[in-house]
Amino acid sequence: MTSSLITTAAGAPPPGTTAPPVAQPPGWQDDDAVRDVTERLAGYLPLVLPGECDRLTRRMAAVARGEAFLLQGGDCAETFDALTAEAVAAKLDTLFAMSETLSAGMRLPVVVVGRIAGQYAKPRSRPVEVRAGTALPAYRGDAVNGPEFSARIRTPNPYRMLRMYAASAATLNNIRALAPAGDEPREMFVSHEALLLDYERPLTRVAPGSGARYASSGHLVWAGERTRQPDGAHIDYLAGIRNPVAVKLGPTATVDEALELTHRLNSRRRPGRLTFIVRMGAGAVRTVLPGLVEGVTASGAPAAWVCDPMHGNTFTAPSGHKTRRITDVVDEIRGFFDVHRGLGTHPGGIHLELTGTEVTECVGGAGPGLDGLAARYESACDPRLNRSQALEVARLIADTARGDGAGSGPPAV
Ligand code: PEP
Ligand code: MN
């Protein structure tokens, strides 16, 4: 590998210009180590190939046109320790079971995109965590530091990005073996938040045919609610790659911001290129979402709209666990469908934090009550739907789409 690969990577500022500001910086302590790691990453094999990314863009174009539905799901934060063949198989099994239910209910093909094989970096609301008077860097995902509250483990270590690459490659290898079921050609893609630019930039590759640059870390990458500034480094990075990309939009997002993002990320108006993942919260989706969808639709830009009913509905239980109520999750999904039904636009898909086992992280439905969260709370970051809850949510979406479960009454779980 050569370091010229790094300087040509997407997102690197042209010489002589000011680099856009990087939100949520990992806080590396050692520039030489970062350089060593990024140079190594630049020489590694791509994890995904341009042709696969283009295929997902075509699938997302069908989503944007109303001819397909996106199911995107997986852990909030993957961890090195929880990475086992059984865990990967259970997540795939859950996603494909959900996709069958959704496809039958929506009468549409379902595009399955895991939040997997790269979801190792987390944005945090506070850069430090204080416990009993001691302040340490916040846990930022296994790609940066470890969750254990010790100065050594919490110190950001860029060499963890090499382990992220290895873990992602091994996960993808299992997915490529497991996704086709027998003779049945089941298709699955992978995605993650492109938060760690020191990982994404060196893994950016030029496609031999077109000369276009692609993130080779995953098929679809997104910018989160905290890194979606139109003039920031993360959007600059996404603007420079040809993968299908997504941006999260929270309740404070404005039409102008959405239009600016559309301009920055999809000025050529390629269908399937840009997806908005809206995470408004059950209380805001019905009031905030209509204006955004109307404004973007009126601009003529093709965008897919996907509902993340998790991130606007998080609260802390009396036990201290971060959790979410299934009733809120379901209410937000219903609001999302109601808004699109009202506007005559397509509710393009669902983005969920889920896992394939019976963890106790979200309350209600087939999960625990508020007093049962401790039994099996395993998430390194945000609470996930367990397998049963995830299947319940899929059934509920299917019913909503059929019209059986429509309306804004109390959710039936
Ligand atoms: C996430 O997807 O885990 C996340 C942090 O979401 P958001 O950017 O929407 O807050
Ligand atoms: Mn999360």
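The model is predicted, so local features need pLDDT of at least 70, side-chain atom pairs count only at pLDDT 80 or more, and totals for chains, interfaces and linings use all residues. Side-chain values use heavy atoms, without hydrogens and water.

**Ligand 1**
- Residues around ligand 1 (a heavy atom within 4 Å) include Cys76, Arg115, Pro123, Glu225, His311 and Glu353.
- The shell around ligand 1 consists of two nonpolar, two polar and seven charged residues; Asp, Glu, Lys and Arg count as charged, and Gly is among the polar ones.

**Polar contacts (N or O atoms within 3.5 Å)**
- A side-chain N or O atom of Lys122 is 2.7 Å from an oxygen atom of ligand 1.
- For Lys248, the distance from a side-chain N or O atom to a ligand 1 oxygen is 2.8 Å.
- Arg279 has a polar side-chain atom 2.6 Å from an oxygen atom of ligand 1.

**Nonpolar cores (buried nonpolar residues, under 20% relative accessible area with a 1.4 Å probe, joined through side-chain atoms within 4.5 Å)**
- The largest core has 92 residues, and Leu238, Leu249, Phe276 and Trp305 have the most contacts inside it.
- A second, separate core has 15 residues, among them Met60 and Val306.

Terms used
Residues are numbered from 1 along each chain as its sequence is written. Chains are lettered from A and ligands numbered from 1 in the order in which they are written. A polar contact is a pair of N or O atoms within 3.5 Å; within protein, one must be able to donate a hydrogen and the other to accept it, and residues adjacent in sequence count only if both atoms are side-chain atoms. Buried means under 20% relative accessible area, exposed over 50%, partly exposed in between (1.4 Å probe, protein chains only).
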